[in-house]
Structure formats: C-alpha cells, structure tokens
Amino acid sequence: MKENATLNNILNLYEKEIAKNVKNKNRIYYFEKNKMQNIAEIIKIIKSSNYKIEKYNIFMISEPKHRIIMALNIKDKIINHYIAKYVLEEKLTKYLDDRNIATRKNMGTDYGIKMIKKFIEKNKKYSNFYVLKMDISKYFYTIDHDVLLNLLKDKLNKDEYNFLQIIIDSTNYDYINKEINNIKNKFIIKKPKCAQEIEGIPCYEEGKGLPIGNMTSQFLSIFYLYELDHYIVNNLHIKYYIRYMDDFVLIHHDKNVLKQALKEIENILDNVYKLKLNNKKTKIVSIKEGFSFLGYTYKVINNKTIIKIKKESYENIKRKIKEIHNRYKYHRNISKPFMTIMSYWYNRKYGSQLRVRRIINRCWFKKLEYEK
C-alpha cells in the first residue's frame with residue numbers, strides 16, 4: 001500500500017503497542033514462535049492490499065458498563081494499528097478541529113477539562129450563560145458506512161481506500177450478530193439484575209457501525225463528524241465548543257442561539273450523517289444549574305467556578321483500585337500498581353482530591369496493612 005510499510009515500523013508497533021497491551025499472553029507466545037515470518041507476511045499484505053480480516057473474537061466486558069468488544073488476532077491487530085497510525089493519522093489529522101479532542105495526541109480528557117474551564121472563564125463577563133449538552137444515540141453502532149467512505153474517497157489513494165473499506169465493512173459478517181446475541185443471552189442468565197442494560201446493547205445493521213475495539217475505529221469515529229465541527233464553529237459562530245467522541249458541549253450567552261443551533265445540528269445529523277441524538281442526554285441548561293462532561297460537573301455560583309467529580313466516578317475509582325489490588329496482591333513488587341493507583345489521584349486533580357485520597361487510603365493502603 002505504502003512505501004514506508006517497513007520492517008522497523010511494523011516491529012515498533014508490535015513491540016511498543018501490541019505485545020505490551022495484549023492480555024492473552026498465549027497469543028503473543030504463538031506469534032513470537034514465528035515472529036519474523038509473521039511480520040514479513042504482514043508487510044506483504046499491507047503492500048499488496050490483498051486483505052481479509054480473520055474472525056473477530058467477540059466478548060463482553062461489564063465495567064464501567066456492559067459493552068461488546070470485537071478483538072482482532074495479533075496479525076490483524078498489527079495491521080489495524082498500522083493503518084490507523086500511518087494512513088489515517090498522517091493523512092486525515094489536518095482536517096480535524098482542535099475542539100475535537102478524543103483519542104488524539106497531546107489532547108484527551110485533561111486537555112478537554114482545561115478547555116472547558118477556559119470557556120467558562122471567558123463567559124463569566126455575562127450575568128448568566130447557557131450550555132447545550134448533546135449526545136448521539138448508539139454512536140459506534142450507527143455510523144453509516146457509505147457516508148464515511150464518501151468522506152474518505154478524495155483523501156486517500158485507491159489502495160488505502162480499498163483497505164479501509166474492507167475494515168469498515170467487516171461489521172457486515174453474519175456471524176457477528178449471532179455471536180453478540182449468544183453472548184447477551186448468556187450474560188442475562190448470569191446477571192438477571194442487569195438484563196435491561198444488556199438487552200439494550202444493539203446488534204449491527206447492514207452497512208452501519210464500526211467494530212468496537214479497533215484502533216482504526218477510534219480515529220474514524222472522531223473523523224466522521226469533522227465537517228460538522230467546522231460548521232458549528234464557522235457557520236453557527238459558536239466558538240466555545242468542544243466534542244469528545246459523541247459528547248458535545250456548546251456554550252453561549254444567548255439561550256435562543258443555542259436553541260437554533262440544536263435544531264440545525266439535529267437536522268444535519270439526521271439527513272447527512274444518518275445519526276440520532278439521545279434525547280435523554282441532550283438539553284440546554286444554565287451555567288448556574290450546571291452540566292456534566294468528562295467525569296466532572298461544572299457550575300458557576302456567585303462568579304465562582306465549581307468543579308466536582310461525578311458521584312459515579314467515585315464508585316469507578318473504588319472498583320478500579322480493588323481490581324488492581326486483586327491483580328497484584330501476590331506480587332512482591334508493588335511499584336507498578338502503586339503508580340497506577342496514584343495516577344487516579346493526579347487525574348482527578350480538578351475535583352475533591354481529599355475525597356479521592358480517602359478512597360485510595362481505604363481501598364488500597366489499609367487493605368495492604370491488613371494483609372501483612
């Protein structure tokens with residue numbers, strides 16, 4: 001496909017990203033047995049664009065909520081990472097607005113929170129201002145293949161486009177929905193209290209959705225609405241705007257401007273992108289009432305910005321700490337889990353660190369003392 005599909009690029013992806021993060025070490029072991037032969041085969045596939053994805057390993061995770069994951073084998077995972085890094089990121093990043101912050105280098109959650117704080121401070125000159133919070137219903141499952149491929153057509157060469165089409169259309173295989181339904185039925189029997197949540201997990205419609213778990217899916221999902229991002233900023237003239245995947249925040253001092261923006265955006269999502277807003281999570285609120293974004297709630301009272309960690313985020317911290325503790329409790333070297341735990345403290349630096357410290361102390365350090 002590309003001349004720079006070199007041995008070094010593939011090896012770096014495998015050693016620095018794939019091998020370290022694959023939890024099933026048996027898969028790594030069998031790949032390593034014929035490592036250079038496998039790498040050579042991957043390079044041949046990439047250069048020839050003669051590609052067929054092997055069967056996905058489909059399974060369900062239950063934290064922080066029940067989700068279906070479609071995992072690739074090691075060869076396909078390396079190819080997928082390569083396409084994401086050396087085709088999508090290299091060729092398509094220039095089209096993305098800096099307010100589109102999910103899964104991008106030097107951006108992400110921390111960057112987004114700082115941007116929200118900046119936007120709030122800019123609007124404090126008004127006695128009151130408003131926030132339009134939008135969320136797209138079942139975003140990953142409803143991205144339209146034809147719309148996405150049309151967006152890619154004039155930005156990639158023929159081989160790159162054909163390669164991406166194979167990856168995007170891989171959700172159309174019949175076995176995928178059969179496997180998803182089987183997994184859902186098993187989990188409903190195992191966890192009847194979660195039956196409603198599990199039943200709400202959709203299957204893939206023909207020509208819709210991206211495989212959840214693919215690196216290419218992460219980039220394509222932020223790219224899909226790039227034209228809408230520019231439209232909101234340049235045509236609707238709402239510069240205090242930020243998007244994290246399918247989670248939108250628009251800030252303006254005039255509520256009517258946001259009402260009109262919502263109508264136009266909803267119309268574009270429906271007619272151009274074949275997407276629907278989640279009405280339960282889409283609303284316009286006063287900054288005094290507050291809103292949630294990226295695990296925090298934000299409001300302004302008496303000209304003071306108040307940022308708090310969402311209640312469910314505290315429960316997620318507890319769960320993660322217990323999970324890490326159970327994973328490492330038989331290891332003598334606790335430096336790695338300790339650093340992971342402390343990262344929760346750092347990553348919650350905008351809310352009540354004292355409360356996070358107490359959770360860490362209760363769920364981690366006291367447990368260690370008890371087990372000595």
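## A tour from a helix pair to a buried aspartate

Start by selecting residues 145-153, helix H7, and residues 158-168, helix H8: their axes come within 11 Å and cross at roughly 160°. Axes here are lines fitted to C-alpha atoms, for helices over the stretch in contact, with angles from 0 to 180 degrees between N-to-C directions. H7 and H8 are therefore roughly antiparallel to each other (angles over 145 degrees count as such). Now show the side chains: His145, Leu148, Leu149, Leu152 and Lys153 of H7 meet Tyr161, Leu164, Gln165 and Ile168 of H8, where contact means heavy atoms within 4.5 Å.

A word on what you are viewing: this is a predicted model, with local features needing pLDDT of at least 70 and side-chain atom pairs pLDDT 80 or more, while totals for chains, interfaces and linings use all residues. Residues are numbered from 1 along each chain as its sequence is written, and side-chain values use heavy atoms, leaving out hydrogens and water.

Next, select aspartate 246, in the loop between strand E4 (241-244) and strand E5 (247-252). Helices (H or I, at least four residues) and strands (E, at least two) are DSSP runs, numbered from the N terminus. Which residues does aspartate 246 touch? Leaving aside residues up to four places away in sequence, they are Met134, Asp135, Ile136 and Tyr139.

Aspartate 246 is buried (under 20% relative accessible area, 1.4 Å probe, protein chains only). Lys and Arg count as positive and Asp and Glu as negative; His and the chain ends are not counted.

Finally, zoom out to the protein chain, with its 16 helices and nine strands. Of its 372 residues, 49% count as buried.

Terms used
Buried means under 20% relative accessible area, exposed over 50%, partly exposed in between (1.4 Å probe, protein chains only). A salt bridge is a side-chain nitrogen of Lys or Arg within 4 Å of a carboxyl oxygen of Asp or Glu. Angles under 35 degrees count as roughly parallel, over 145 as roughly antiparallel, 65 to 115 as roughly perpendicular and the rest as oblique.
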